[in-house]
Amino acid sequence: MNMRENLEVLIVEDRQVMLKIIRRLLVQLGYARIDEATNGVEALARLGEKRYDLILSDWNMEPMSGFELLKLVRASPATQKTPFILITAEAKAENILAAKAAGANGYLVKPFKLDALERTLDGVLAAKGFVSLAVA
């Protein structure tokens, strides 16, 4: 049974090309319920309207970065346990440590391939109690 298709996913990315790439990769992995936001402010509005099982967010965005969004998501009782993966082109150790300290469940460095995305998603979701993620 494919559990991926039932998970509600929010992608937060300000670059349309990257947004489309991430969406396409998620669809290839079997995710079907995917919403989009183009910045942290828009993402907060979506999070106020709907519950998500997973958030994938770019780090560098205006007017609110993915890192700022992460801190607000973790501060809210409604979303504090939602799996959150930060995506960035920066692989600096201090950024990875800051993301982890702020409550990120995963960290992906652009560019990434389908297998890296799948490993990260499966690891994060398995740690949060989602099982049977593999496509049947």
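This report walks through the fold, surface and aromatic contacts of the predicted model shown above.

Some ground rules come before the details. Residues are numbered from 1 along each chain as its sequence is written, and side-chain values use heavy atoms, with hydrogens and water left out. Since this is a predicted model, local features need pLDDT of at least 70 and side-chain atom pairs count only at pLDDT 80 or more, while totals for chains, interfaces and linings use all residues.

**Overall fold**

Let us start with the chain as a whole. Five helices and five strands make up its secondary structure, and from the N terminus on they run β-α-β-α-β-α-β-α-β-α. Here helices (H or I, at least four residues) and strands (E, at least two) are DSSP runs, numbered from the N terminus. The radius of gyration is 14 Å, which agrees with the value near 14 Å for a compact globule of 136 residues; this radius is taken over C-alpha atoms, and the globule rule is 2.2 Å times the number of residues to the power 0.38. Along its principal axes, the C-alpha trace spans about 40 × 30 × 30 Å.

How much of the chain is buried? Buried residues account for 48% of the 136 residues, where buried means under 20% relative accessible area, exposed over 50%, and partly exposed in between (1.4 Å probe, protein chains only). Of the contacts with a separation of 6 or more, 64% involve residues 24 or more positions apart; a contact means heavy atoms within 4.5 Å.

**The aromatic cluster**

A search of the whole structure turns up two aromatic pairs. Rings of Phe, Tyr and Trp (its six-membered ring) pair if their centres lie within 6.5 Å; planes under 30 degrees apart count as stacked, over 60 as edge-to-face and the rest as tilted.

| Pair | Type | Centre to centre | Angle between planes |
|---|---|---|---|
| Trp-59 and Phe-67 | stacked | 4.9 Å | 5° |
| Trp-59 and Tyr-107 | edge-to-face | 6.2 Å | 80° |

Trp-59 lies in the loop between strand E3 (54–58) and helix H3 (66–75) and Tyr-107 in strand E5 (residues 106–109), so their pair ties together parts that are 48 residues apart in sequence. Trp-59, Phe-67 and Tyr-107 form one aromatic cluster. Trp-59 is buried at 12% relative accessible area, Phe-67 is buried too, and Tyr-107 counts as buried at 18%.

Another cis peptide bond joins Lys-110 and Pro-111, with omega about -10°; Pro-111 sits in the loop between E5 and helix H5 (114–127).

Is Ala-32 buried or exposed? Ala-32 is exposed, with a relative accessible area of 56%. This residue is in the loop between helix H1 (16–28) and strand E2 (33–37). Not counting residues up to four places away in sequence, Ala-32 touches Arg-4 and Glu-5.
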